[in-house]
Each structure stands twice: as structure tokens, then as C-alpha cells.
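Reader: I'd like to learn how to read the inside of a protein model. Could you walk me through one?

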Amino acid sequence: MIRRRQFEVIDGGQMDQVRVFHDVARALTSQLELGVILRTIMDKMAQFFAPERWSLLMVDEKANELYYEIAIGEETEYLRTLRLKMGEGVAGWVAQSNQALIVPNVSSDPQWSAYAKRHPELNMQSLACVPIQADGKVLGVIQLMNSKLDLMSEYSVTFLRILCDYAAIAIQNSRRMELIQELTITDDVTGLFNARYLYKALEDEVKKGKRSHFSLMFMDMDHFKEVNDTHGHLVGSRLLAEVGNLLQRIFGTANPAFRYGGDEFVVLMPGLGKERAVTLARTLYDAVGDARFLTGEGLSLRVQGSLGLATFPEDGDTVHSIIRAADTMMYEVKNTTRNNLAVVGMGLLYDRPMQTPTQRDARGTAIGQSVVT
């Protein structure tokens with residue numbers, strides 16, 4: 001009779017574990033949103049171990065730090081801004097060493113008892129901190145404080161490790177999806193968004209309706225072909241990349257830049273009316289004229305461009321009409337003065353004569369050698 005009851009308890013515990021695994025596996029196969037999957041894993045872990053506080057920290061590889069992705073039972077708002085260095089605190093130690101830390105009674109462990117006394121605000125009685133790792137690399141850690149279960153049991157530790165493996169699968173899948181998404185919308189030469197993503201971004205802006213405005217700027221580099229002819233296509237590609245970097249520095253993430261094709265660039269300025277957009281376009285015009293490119297290659301190239309600007313909805317109230325309006329302004333510059341900025345309703349903003357490839361700049365440098373105009 002006693003043995004039968006023991007088997008019933010074991011079977012019941014195993015069934016609970018199977019149900020948890022089933023729920024987590026279903027989340028992995030039915031969801032692509034990393035946050036939803038991780039929340040499911042952590043919720044199931046909390047149900048099983050019943051900790052007072054629990055958290056999931058992710059590794060920021062570039063900064064070599066950990067940050068809180070999920071935190072329950074703690075000062076969530078404060079933790080969102082908190083970062084831990086690798087090796088710092090419990091989570092930092094586990095992430096750096098890639099070793100699980102299971103301490104069912106902190107007071108009986110000299111090292112962590114001393115740590116708990118230095119940090120009485122943690123009220124640390126027991127702790128479990130396990131690395132989330134794949135291919136020998138730590139992706140994050142799961143941390144449980146003051147669990148009510150015996151975390152030293154082989155059954156509990158195994159269950160905790162399996163849930164961490166599920167979390168690692170979710171994180172890896174999410175990062176692969178992010179990489180695929182990035183590759184589909186990013187230009188491989190400049191690192192800017194590509195034309196495919198431009199149309200989607202414009203569709204999203206137009207859907208906001210005519211009460212919301214934005215501006216669109218086209219820029220074509222004048223006589224770029226001479227760079228390829230004189231210095232080769234590899235140098236031309238590097239020049240495009242440096243121009244792309246300049247666009248990103250000037251416009252930032254709020255105003256996404258795109259490589260439209262060849263040596264043509266586009267900048268989308270959400271929420272900006274014509275006046276503010278013209279100010280930004282002038283900033284770019286001046287910066288391009290002042291910059292020297294490929295100095296690391298020993299070339300010090302100057303770049304000039306033809307810029308065209310239009311604003312939604314007054315200059316075009318559809319995706320194609322706003323593109324056509326900005327593109328038309330750009331070609332007005334290319335067919336007249338070059339090295340200029342034209343705005344719908346304002347015309348050319350700078351009084352400049354038409355430039356040809358045989359002209360020279362003020363310093364007498366031949367175009368096509370160290371100057372692109």
C-alpha cells in the first residue's frame with residue numbers, strides 16, 4: 001500500500017512535469033514573439049518552484065553586461081535600468097562561470113552567507129541561478145530567490161535545467177528570425193534599409209491618414225560613375241558605405257535612411273512638415289559638401305549631390321505620388337544645376353551654375369581624381 005502511494009506521488013509529479021513541458025513546447029511552436037515564450041517558461045517555472053522573487057537576465061555581448069528581461073516580485077521599474085557586469089553579483093558570477101548555482105540554505109554556505117549579509121535588502125534565504133546557454137555560450141541566466149522547494153533534489157535541478165534549455169531554444173530562434181528579417185530589409189553595401197522596406201515604411205505612414213504628415217528626400221550622387229571608372233567598383237562601394245554612415249549620423253534612427261539603388265539614397269522623415277524637413281535637408285547638403293571621404297584609403301574624395309524633397313500629404317497623398325514628387329525634384333536638380341536642393345513649391349534653394357565633369361573646384365582639384373561633383 002505504501003509503495004503504491006509512493007508510485008502515485010511520483011506519477012503525479014511526473015505528470016505535472018509533462019504538462020509543463022507540453023505547455024512550453026506548444027509556446028515554442030505556436031509563437032514567434034520571444035517575450036511571450038520566455039514569459040511562458042518563467043511562469044511555468046514559478047508555478048513549479050514557487051519562489052518569492054524570480055528574474056531572467058539576458059547577456060549584452062557588446063557591453064559584456066547583463067540586463068533584466070523579466071523580473072517578478074522585485075522593483076521592476078528600477079531593474080529595467082540596472083545592468084550587471086559579468087562576474088558581478090549572483091547572476092554575473094553564473095554568467096561568467098557558466099555554472100549553475102544552487103544554494104538551498106544560504107546561511108549554511110560561507111561564501112553566499114557573507115554576500116547575503118552585505119546585501120540585506122535581498123533577504124536572501126535560498127537561491128537558484130542557472131545559465132541559459134547554447135553551443136558553450138551563455139545567453140542569459142534564470143534566477144530564483146527563496147524557493148519553497150528543495151532545489152538540491154536531482155529531480156528539481158534537472159527540471160530547472162530543461163526549462164533553461166527551452167529558453168535557449170527560444171532565444172536562438174528569435175535571434176535567427178531577427179537576422180533573417182534584417183537581411184531582407186537591409187542593403188548589404190551601406191547597411192541602410194533597402195528599397196523593399198522603403199515601400200513598406202511609406203505604406204505604414206500613409207495609413208496614418210492625411211492628419212499625419214511626413215517628408216521624403218531623394219539624393220543622387222552627381223557623376224558617381226567617375227569614381228568607379230577612376231578608382232574601381234570596390235572604392236565606389238566603400239564610398240557608398242561612408243555616405244550611408246553620414247546619413248545615419250545626421251538623421252538618426254528617428255528618420256530612417258534607405259539605399260534606393262545605385263548611388264541614390266532616400267530619407268523618410270516621419271512627423272516632419274516641410275519647414276523642419278528643409279532644415280534637415282540643408283544640414284545634409286552642407287555636411288556632404290564639407291566632408292572628405294575615404295581618407296583612410298588615401299583618396300580624400302569630395303562628394304556633391306542632387307537632392308529633392310516633398311511632403312505628405314500636400315505634395316502627394318499616396319505612396320507612389322509622394323515618391324514621384326520627391327524624385328521629380330531631385331531630377332530637376334540633376335537636369336539644371338546639380339549640387340543643389342529642390343523642394344516642391346519652393347524650387348531650387350541654391351543659386352548655382354550647371355557643373356560638368358571638366359570643371360574644377362575652388363582649390364583647382366580635377367573632378368574624377370579627388371573630387372566627385
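Predicted model: local features only at pLDDT ≥ 70, side-chain atom pairs only at ≥ 80, totals over all residues.

Reader: Let's start with the cores, then. Which residues have the most contacts inside the largest nonpolar core?

Author: A nonpolar core is a set of buried nonpolar residues joined through side-chain atoms within 4.5 Å. Here the largest one has 36 residues, and Met217, Leu239 and Met269 have the most contacts inside it. Two or more residues come from each of β8 (214–221), α9 (233–251), β10 (264–270), α10 (274–290), β12 (305–312) and β13 (340–343). Apart from that core lies another, of 31 residues, including Phe49, Trp54, Ile102 and Ala134.

Reader: What does Met217 touch, leaving out residues up to four places away in sequence?

Author: Quite a list: Phe251, Phe265, Val266, Val267, Met269, Ala281, Leu284, Leu307, Gly308 and Leu309.

Reader: Now the holes. How many cavities of 30 Å³ or more are there?

Author: A cavity is space where a probe fits but cannot get out. The count here is one of 30 Å³ or more, and the largest cavity holds about 40 Å³ of space.

Reader: Which residues line the largest cavity?

Author: Tyr285, Val288, Gly289, Val303, Gln304, Gly305, Leu307 and Asn339. Helix α10 gives the most to this lining, with three residues, while α10 and β12 each supply at least two. By type, the lining splits into four nonpolar, four polar and no charged residues.

Reader: On to the rings. How many aromatic pairs does a search of the whole structure find?

Author: Eight. Take Tyr197 and Phe258: their ring centres are 6.3 Å apart and their planes sit at 35 degrees, so this pair is tilted. Tyr197 belongs to helix α7 (residues 195–207) and Phe258 to strand β9 (residues 257–261), so the pair links parts of the chain 61 residues apart.

Reader: Which residues form an aromatic cluster?

Author: Trp93, Trp112 and Tyr115 form one.

Methods. Residues numbered from 1 in each chain as written. Heavy atoms only, no water. Buried < 20%, exposed > 50% of the residue type's maximum accessible area, 1.4 Å probe, protein only. Helix = DSSP H or I, 4+ residues; strand = E, 2+ residues; numbered from the N terminus. Contact = heavy atoms within 4.5 Å. 1 Å grid on protein atoms, 1.4 Å probe; cavity = no way out; pocket = protein on both sides within 12 Å on 5 of 7 lines; lining within 4 Å. Points joined across faces, edges and corners; volume = space filled by probe spheres on them. Nonpolar A, V, L, I, M, F, W, Y, C, P; charged D, E, K, R; others polar. Phe/Tyr/Trp six-rings, centres within 6.5 Å; stacked < 30°, edge-to-face > 60°.
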